[in-house]
Amino acid sequence: MEVQINGDWRAFPDGTTVAGVLEALGTAPRGVAVALNGEVVRRGDWAEAVVAAGARLEILTAVQGG
Amino acid sequence: MFDGADDQLAIGDYKLTSRLIIGTGGAANLSVLERALVASGTELTTVAMRRADAEGGSGVLELVRRLGIRLLPNTAGCRSAAEAVLTAQLAREALETDLIKLEVHADDRTLLPDPVETLDAAEQLASDGFTVLAYTNDDPVLALRLEEAGCAAVMPLGAPIGTGLGIRNPHNIELIVSRAGVPIVLDAGIGTASDAALAMELGCDAVLLSTAVTRAQDPERMAYAMRSAVLAGRLARAAGRVPQRFWAQASSPPR
(Lines give C-alpha, C1' and ligand atoms only; values in the text may rest on other atoms or scores of the structure.)
Protein backbone atom coordinates (compact mmCIF):
# COMPACT_ATOMS: atom_id res chain seq x y z
CA MET A 1 0.00 0.00 0.00
CA GLU A 2 1.03 3.60 -0.57
CA VAL A 3 1.22 6.08 2.30
CA GLN A 4 2.15 9.74 2.20
CA ILE A 5 5.02 10.46 4.59
CA ASN A 6 5.91 14.13 5.04
CA GLY A 7 4.56 14.79 1.56
CA ASP A 8 6.26 11.85 -0.23
CA TRP A 9 4.44 8.65 -1.24
CA ARG A 10 6.07 5.48 0.10
CA ALA A 11 5.13 1.80 -0.04
CA PHE A 12 4.57 -0.25 3.13
CA PRO A 13 3.11 -3.71 3.81
CA ASP A 14 -0.60 -3.77 4.67
CA GLY A 15 -1.27 -3.45 8.38
CA THR A 16 1.87 -1.41 9.11
CA THR A 17 1.60 0.59 12.34
CA VAL A 18 2.99 4.06 13.10
CA ALA A 19 5.78 2.39 15.06
CA GLY A 20 6.47 0.17 12.05
CA VAL A 21 6.72 3.17 9.72
CA LEU A 22 9.18 4.94 12.04
CA GLU A 23 11.29 1.79 12.28
CA ALA A 24 11.29 1.29 8.52
CA LEU A 25 12.35 4.92 8.01
CA GLY A 26 15.08 4.63 10.64
CA THR A 27 13.66 7.60 12.56
CA ALA A 28 14.85 7.79 16.16
CA PRO A 29 11.69 8.05 18.29
CA ARG A 30 13.02 10.52 20.86
CA GLY A 31 11.95 14.14 20.23
CA VAL A 32 9.58 13.12 17.43
CA ALA A 33 5.81 13.51 17.10
CA VAL A 34 3.42 12.01 14.57
CA ALA A 35 0.15 13.23 13.06
CA LEU A 36 -2.00 10.74 11.15
CA ASN A 37 -4.45 12.46 8.78
CA GLY A 38 -4.12 15.69 10.77
CA GLU A 39 -4.58 14.15 14.23
CA VAL A 40 -1.82 13.64 16.78
CA VAL A 41 -1.04 10.00 17.56
CA ARG A 42 0.17 9.76 21.17
CA ARG A 43 3.48 8.03 21.65
CA GLY A 44 1.85 5.29 23.69
CA ASP A 45 -0.44 4.45 20.76
CA TRP A 46 2.25 4.15 18.07
CA ALA A 47 2.53 0.36 18.37
CA GLU A 48 -1.23 -0.15 17.84
CA ALA A 49 -2.11 2.66 15.40
CA VAL A 50 -2.48 1.02 11.97
CA VAL A 51 -1.76 3.18 8.95
CA ALA A 52 -4.34 2.71 6.20
CA ALA A 53 -3.60 2.92 2.47
CA GLY A 54 -3.67 6.52 1.28
CA ALA A 55 -3.09 7.91 4.78
CA ARG A 56 -1.16 11.12 5.34
CA LEU A 57 1.53 10.85 7.99
CA GLU A 58 3.45 13.87 9.25
CA ILE A 59 6.56 13.20 11.34
CA LEU A 60 7.92 16.29 13.07
CA THR A 61 10.92 17.09 15.21
CA ALA A 62 12.52 20.19 16.72
CA VAL A 63 15.04 22.24 14.75
CA GLN A 64 16.80 25.55 15.34
CA GLY A 65 14.36 28.40 15.08
CA GLY A 66 12.62 31.41 16.43
CA MET B 1 23.37 41.66 45.34
CA PHE B 2 21.63 43.13 42.27
CA ASP B 3 22.21 40.09 40.04
CA GLY B 4 18.49 39.34 39.75
CA ALA B 5 18.72 36.08 41.69
CA ASP B 6 15.96 37.17 44.09
CA ASP B 7 13.81 38.65 41.31
CA GLN B 8 12.19 35.66 39.64
CA LEU B 9 9.84 35.79 36.69
CA ALA B 10 6.80 33.48 36.79
CA ILE B 11 5.20 32.42 33.50
CA GLY B 12 2.33 30.11 34.38
CA ASP B 13 3.85 27.51 36.71
CA TYR B 14 7.38 28.13 35.43
CA LYS B 15 9.89 30.23 37.38
CA LEU B 16 12.83 31.88 35.66
CA THR B 17 15.73 33.81 37.14
CA SER B 18 17.04 34.95 33.75
CA ARG B 19 14.75 37.42 32.00
CA LEU B 20 16.36 36.83 28.63
CA ILE B 21 14.77 34.21 26.37
CA ILE B 22 16.93 33.24 23.40
CA GLY B 23 15.80 31.87 20.06
CA THR B 24 18.08 29.27 18.48
CA GLY B 25 17.41 30.32 14.88
CA GLY B 26 20.10 31.87 12.72
CA ALA B 27 23.23 30.50 14.41
CA ALA B 28 25.94 29.45 11.95
CA ASN B 29 26.48 26.13 13.74
CA LEU B 30 25.79 24.38 17.03
CA SER B 31 29.12 25.30 18.58
CA VAL B 32 28.47 29.04 18.02
CA LEU B 33 24.97 28.53 19.41
CA GLU B 34 26.27 26.74 22.48
CA ARG B 35 28.71 29.52 23.37
CA ALA B 36 26.00 32.16 22.85
CA LEU B 37 23.45 30.31 24.98
CA VAL B 38 25.92 29.89 27.81
CA ALA B 39 27.02 33.55 27.67
CA SER B 40 23.40 34.72 27.64
CA GLY B 41 22.58 32.94 30.90
CA THR B 42 19.18 32.04 29.44
CA GLU B 43 16.97 29.41 31.08
CA LEU B 44 14.42 29.18 28.25
CA THR B 45 15.11 28.83 24.54
CA THR B 46 12.93 28.43 21.48
CA VAL B 47 12.97 25.71 18.84
CA ALA B 48 10.82 25.29 15.72
CA MET B 49 8.94 22.15 14.65
CA ARG B 50 9.73 20.80 11.18
CA ARG B 51 9.39 17.57 9.22
CA ALA B 52 11.90 15.00 10.42
CA ASP B 53 14.28 13.62 7.82
CA ALA B 54 15.91 10.20 7.90
CA GLU B 55 19.05 11.56 9.58
CA GLY B 56 16.95 12.68 12.53
CA GLY B 57 17.07 16.07 14.24
CA SER B 58 19.60 18.84 13.83
CA GLY B 59 21.18 18.15 17.21
CA VAL B 60 19.73 21.28 18.75
CA LEU B 61 17.59 19.26 21.16
CA GLU B 62 20.55 17.38 22.54
CA LEU B 63 22.49 20.63 22.92
CA VAL B 64 19.75 22.50 24.76
CA ARG B 65 19.07 19.54 27.05
CA ARG B 66 22.78 19.11 27.80
CA LEU B 67 22.95 22.77 28.84
CA GLY B 68 19.98 22.26 31.18
CA ILE B 69 17.90 24.91 29.41
CA ARG B 70 14.13 24.56 29.21
CA LEU B 71 12.63 24.25 25.71
CA LEU B 72 10.03 26.64 24.34
CA PRO B 73 8.74 25.18 21.06
CA ASN B 74 7.16 27.65 18.64
CA THR B 75 4.56 27.47 15.89
CA ALA B 76 6.61 29.54 13.42
CA GLY B 77 5.58 29.01 9.83
CA CYS B 78 1.91 28.47 10.66
CA ARG B 79 -0.60 30.62 8.75
CA SER B 80 -3.83 29.65 10.49
CA ALA B 81 -5.14 28.85 13.95
CA ALA B 82 -5.76 25.23 12.93
CA GLU B 83 -2.17 24.76 11.77
CA ALA B 84 -0.82 26.40 14.93
CA VAL B 85 -2.95 24.23 17.21
CA LEU B 86 -1.82 21.02 15.49
CA THR B 87 1.83 22.13 15.59
CA ALA B 88 1.52 22.94 19.30
CA GLN B 89 -0.01 19.53 19.99
CA LEU B 90 2.81 17.85 18.08
CA ALA B 91 5.41 19.90 19.97
CA ARG B 92 3.86 18.88 23.28
CA GLU B 93 4.00 15.24 22.23
CA ALA B 94 7.56 15.40 20.86
CA LEU B 95 9.14 17.51 23.58
CA GLU B 96 6.97 16.66 26.58
CA THR B 97 6.24 20.26 27.52
CA ASP B 98 3.04 22.29 27.74
CA LEU B 99 4.95 25.49 26.95
CA ILE B 100 4.22 26.93 23.52
CA LYS B 101 5.29 30.12 21.80
CA LEU B 102 2.25 30.80 19.66
CA GLU B 103 3.01 32.63 16.44
CA VAL B 104 0.79 32.81 13.37
CA HIS B 105 2.32 34.85 10.59
CA ALA B 106 0.21 36.75 8.08
CA ASP B 107 2.73 36.78 5.22
CA ASP B 108 6.40 36.11 4.45
CA ARG B 109 7.52 39.67 3.75
CA THR B 110 6.52 41.20 7.08
CA LEU B 111 6.15 38.07 9.21
CA LEU B 112 3.68 40.17 11.20
CA PRO B 113 1.33 38.26 13.48
CA ASP B 114 -2.17 37.58 12.17
CA PRO B 115 -4.25 38.91 15.09
CA VAL B 116 -7.47 37.04 14.27
CA GLU B 117 -5.84 33.62 13.86
CA THR B 118 -3.53 34.22 16.86
CA LEU B 119 -6.43 35.01 19.19
CA ASP B 120 -8.41 32.01 17.94
CA ALA B 121 -5.46 29.66 18.48
CA ALA B 122 -4.70 31.18 21.89
CA GLU B 123 -8.22 30.42 23.11
CA GLN B 124 -8.04 26.82 21.87
CA LEU B 125 -4.57 26.15 23.27
CA ALA B 126 -5.22 27.73 26.67
CA SER B 127 -8.38 25.67 27.13
CA ASP B 128 -6.40 22.56 26.09
CA GLY B 129 -4.02 23.12 29.02
CA PHE B 130 -1.09 24.73 27.26
CA THR B 131 1.04 27.45 28.84
CA VAL B 132 0.71 29.91 25.97
CA LEU B 133 3.21 32.68 25.25
CA ALA B 134 1.60 34.61 22.43
CA TYR B 135 3.61 36.59 19.89
CA THR B 136 1.54 39.62 18.95
CA ASN B 137 1.53 43.09 17.45
CA ASP B 138 2.24 46.06 19.74
CA ASP B 139 -1.52 46.52 20.05
CA PRO B 140 -2.68 47.31 23.61
CA VAL B 141 -6.24 46.13 22.94
CA LEU B 142 -5.18 42.82 21.43
CA ALA B 143 -2.75 42.28 24.31
CA LEU B 144 -5.66 42.44 26.75
CA ARG B 145 -7.76 40.13 24.60
CA LEU B 146 -4.92 37.56 24.55
CA GLU B 147 -4.66 37.77 28.33
CA GLU B 148 -8.42 37.22 28.64
CA ALA B 149 -8.05 34.22 26.29
CA GLY B 150 -5.83 32.60 28.92
CA CYS B 151 -2.30 33.33 27.70
CA ALA B 152 0.36 32.96 30.38
CA ALA B 153 2.45 35.71 28.77
CA VAL B 154 1.86 38.24 26.01
CA MET B 155 4.77 39.00 23.69
CA PRO B 156 4.43 42.20 21.66
CA LEU B 157 6.94 42.88 18.93
CA GLY B 158 9.29 45.85 18.97
CA ALA B 159 9.60 45.66 15.17
CA PRO B 160 9.16 42.88 12.58
CA ILE B 161 11.16 39.68 13.09
CA GLY B 162 14.78 39.89 12.03
CA THR B 163 14.75 43.61 11.20
CA GLY B 164 16.78 44.81 14.18
CA LEU B 165 14.79 48.07 14.07
CA GLY B 166 14.39 48.23 17.83
CA ILE B 167 11.20 49.33 19.58
CA ARG B 168 9.24 51.36 17.05
CA ASN B 169 6.38 52.33 19.34
CA PRO B 170 7.62 52.58 22.92
CA HIS B 171 4.41 54.24 24.05
CA ASN B 172 2.34 51.24 22.97
CA ILE B 173 4.67 48.93 24.88
CA GLU B 174 4.22 51.12 27.98
CA LEU B 175 0.45 51.03 27.51
CA ILE B 176 0.50 47.24 27.25
CA VAL B 177 2.67 46.93 30.36
CA SER B 178 0.54 49.35 32.37
CA ARG B 179 -2.61 47.24 32.06
CA ALA B 180 -1.18 43.72 31.94
CA GLY B 181 -1.99 41.07 34.50
CA VAL B 182 0.42 38.55 32.96
CA PRO B 183 4.12 38.94 32.09
CA ILE B 184 4.89 41.02 29.01
CA VAL B 185 7.85 39.79 26.95
CA LEU B 186 9.27 42.08 24.25
CA ASP B 187 9.67 39.74 21.30
CA ALA B 188 11.24 40.54 17.91
CA GLY B 189 12.92 43.62 16.53
CA ILE B 190 15.76 43.91 19.04
CA GLY B 191 18.94 45.00 17.21
CA THR B 192 21.42 45.78 19.93
CA ALA B 193 21.84 45.95 23.69
CA SER B 194 20.26 49.39 24.16
CA ASP B 195 17.02 48.08 22.61
CA ALA B 196 16.89 45.29 25.19
CA ALA B 197 17.61 47.72 28.02
CA LEU B 198 14.86 50.05 26.76
CA ALA B 199 12.35 47.18 26.73
CA MET B 200 13.06 46.51 30.39
CA GLU B 201 13.04 50.23 31.27
CA LEU B 202 9.58 50.46 29.70
CA GLY B 203 8.48 47.79 32.16
CA CYS B 204 8.61 44.59 30.15
CA ASP B 205 9.15 41.49 32.27
CA ALA B 206 11.54 39.82 29.85
CA VAL B 207 13.02 40.02 26.37
CA LEU B 208 13.01 37.33 23.67
CA LEU B 209 15.50 37.64 20.83
CA SER B 210 17.46 35.48 18.42
CA THR B 211 18.76 37.26 15.32
CA ALA B 212 20.41 40.07 17.28
CA VAL B 213 22.65 37.48 18.93
CA THR B 214 22.90 34.59 16.48
CA ARG B 215 23.69 36.79 13.46
CA ALA B 216 25.92 39.28 15.29
CA GLN B 217 29.58 39.25 14.24
CA ASP B 218 30.47 37.82 17.65
CA PRO B 219 27.36 36.02 18.95
CA GLU B 220 28.91 35.01 22.27
CA ARG B 221 29.92 38.58 23.10
CA MET B 222 26.54 39.96 22.00
CA ALA B 223 24.77 37.35 24.13
CA TYR B 224 26.63 38.63 27.18
CA ALA B 225 25.82 42.22 26.15
CA MET B 226 22.11 41.34 25.99
CA ARG B 227 22.25 39.59 29.35
CA SER B 228 23.85 42.70 30.87
CA ALA B 229 21.38 45.04 29.14
CA VAL B 230 18.33 43.12 30.34
CA LEU B 231 19.65 43.19 33.89
CA ALA B 232 20.58 46.90 33.64
CA GLY B 233 17.18 47.83 32.24
CA ARG B 234 15.39 45.83 34.92
CA LEU B 235 17.40 47.53 37.67
CA ALA B 236 16.87 51.00 36.16
CA ARG B 237 13.12 50.42 35.99
CA ALA B 238 13.04 49.37 39.64
CA ALA B 239 15.37 52.16 40.73
CA GLY B 240 13.14 54.85 39.26
CA ARG B 241 14.68 57.24 36.74
CA VAL B 242 14.88 61.00 37.28
CA PRO B 243 12.23 63.05 35.51
CA GLN B 244 13.28 64.63 32.23
CA ARG B 245 13.71 68.42 32.41
CA PHE B 246 13.79 71.12 29.77
CA TRP B 247 16.32 73.37 31.52
CA ALA B 248 19.59 72.46 33.17
CA GLN B 249 19.74 71.75 36.88
CA ALA B 250 23.15 72.16 38.50
CA SER B 251 24.50 69.10 40.22
CA SER B 252 27.28 71.09 41.95
CA PRO B 253 26.45 73.60 44.71
CA PRO B 254 26.30 77.29 43.63
CA ARG B 255 29.50 79.29 44.26
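Predicted model: local features only at pLDDT ≥ 70, side-chain atom pairs only at ≥ 80, totals over all residues.

Author: Let's start with Asn37(A), which is partly exposed, with a relative accessible area of 43%. On this scale, buried means under 20% relative accessible area, exposed means over 50%, and partly exposed is in between (1.4 Å probe, protein chains only). As for names, residues are numbered from 1 along each chain as its sequence is written, and chains are lettered from A and ligands numbered from 1 in the order in which they are written.

Back to Asn37(A): you'll find it in the loop between β3 (32-36) and β4 (39-41) of chain A. (Strands are DSSP runs of E with at least two residues, helices are runs of H or I with at least four, and both are numbered from the N terminus.) Asn37(A) isn't a glycine, yet its phi is positive, at about 50°.

Now look at Asn6(A), another non-glycine with a positive phi, this one about 45°. Asn6(A) belongs to the loop between β1 (2-5) and β2 (8-11) of chain A. With a relative accessibility of 12%, Asn6(A) counts as buried.

Stay in chain A for Thr16(A), in the loop between β2 and α1 (18-25). Thr16(A) is buried, at 11% relative accessible area. Its side chain reaches the backbone oxygen of Pro13(A) at 2.5 Å. That's a polar contact, meaning a pair of N or O atoms within 3.5 Å; within protein, one must be able to donate a hydrogen and the other to accept it, and residues adjacent in sequence count only if both atoms are side-chain atoms. Beyond the neighbours within four places in sequence, Thr16(A) is in contact (heavy atoms within 4.5 Å) with Met1(A), Val21(A), Ala49(A), Val50(A) and Val51(A).

Chain B has a loop threonine worth a look too. Thr42(B) lies between α1 (30-40) and β4 (44-51) of chain B, and at 6% relative accessibility it counts as buried. A polar atom of the Thr42(B) side chain lies 2.9 Å from the backbone oxygen of Leu44(B). Not counting residues up to four places away in sequence, the residues that Thr42(B) touches include Ser18(B), Leu37(B) and Ile69(B).

Further along chain B, Ile161(B) lies in the loop between β8 (153-156) and α6 (170-179). Ile161(B) is partly exposed, at 29% relative accessible area. From C-alpha to C-alpha, Ile161(B) and Ile190(B) are 8.6 Å apart in space, though 29 residues apart in sequence. Neighbours within four places aside, Ile161(B) is in contact with Glu103(B), His105(B), Leu111(B), Tyr135(B) and Ala188(B).

Last stop: helices of chain B. The axes of α4 (residues 115-127) and α5 (residues 140-148) come within 9 Å and cross at roughly 20°. That makes α4(B) roughly parallel to α5(B). (Axes are lines fitted to C-alpha atoms, for helices over the stretch in contact, with angles from 0 to 180 degrees between N-to-C directions; under 35 degrees counts as roughly parallel, over 145 as roughly antiparallel, 65 to 115 as roughly perpendicular and the rest as oblique.) From α4(B), Pro115(B), Thr118(B), Leu119(B) and Ala122(B) meet Leu142(B), Arg145(B) and Leu146(B) of α5(B).

α4(B) also packs with α3 (residues 81-95) of chain B, at an angle of about 40° and with the axes 8 Å apart. Here Ala81(B), Ala84(B), Val85(B) and Ala88(B) of α3(B) make the contact with Glu117(B), Asp120(B), Ala121(B), Gln124(B) and Leu125(B) of α4(B).

Finally, α7 (residues 193-201) and α9 (residues 219-239) of chain B have axes that come within 7 Å and cross at roughly 30°. The contact draws on residues including Ala193(B) and Met200(B) of α7(B), and Met226(B) and Gly233(B) of α9(B).

Terms used:
Heavy atoms only, no water.
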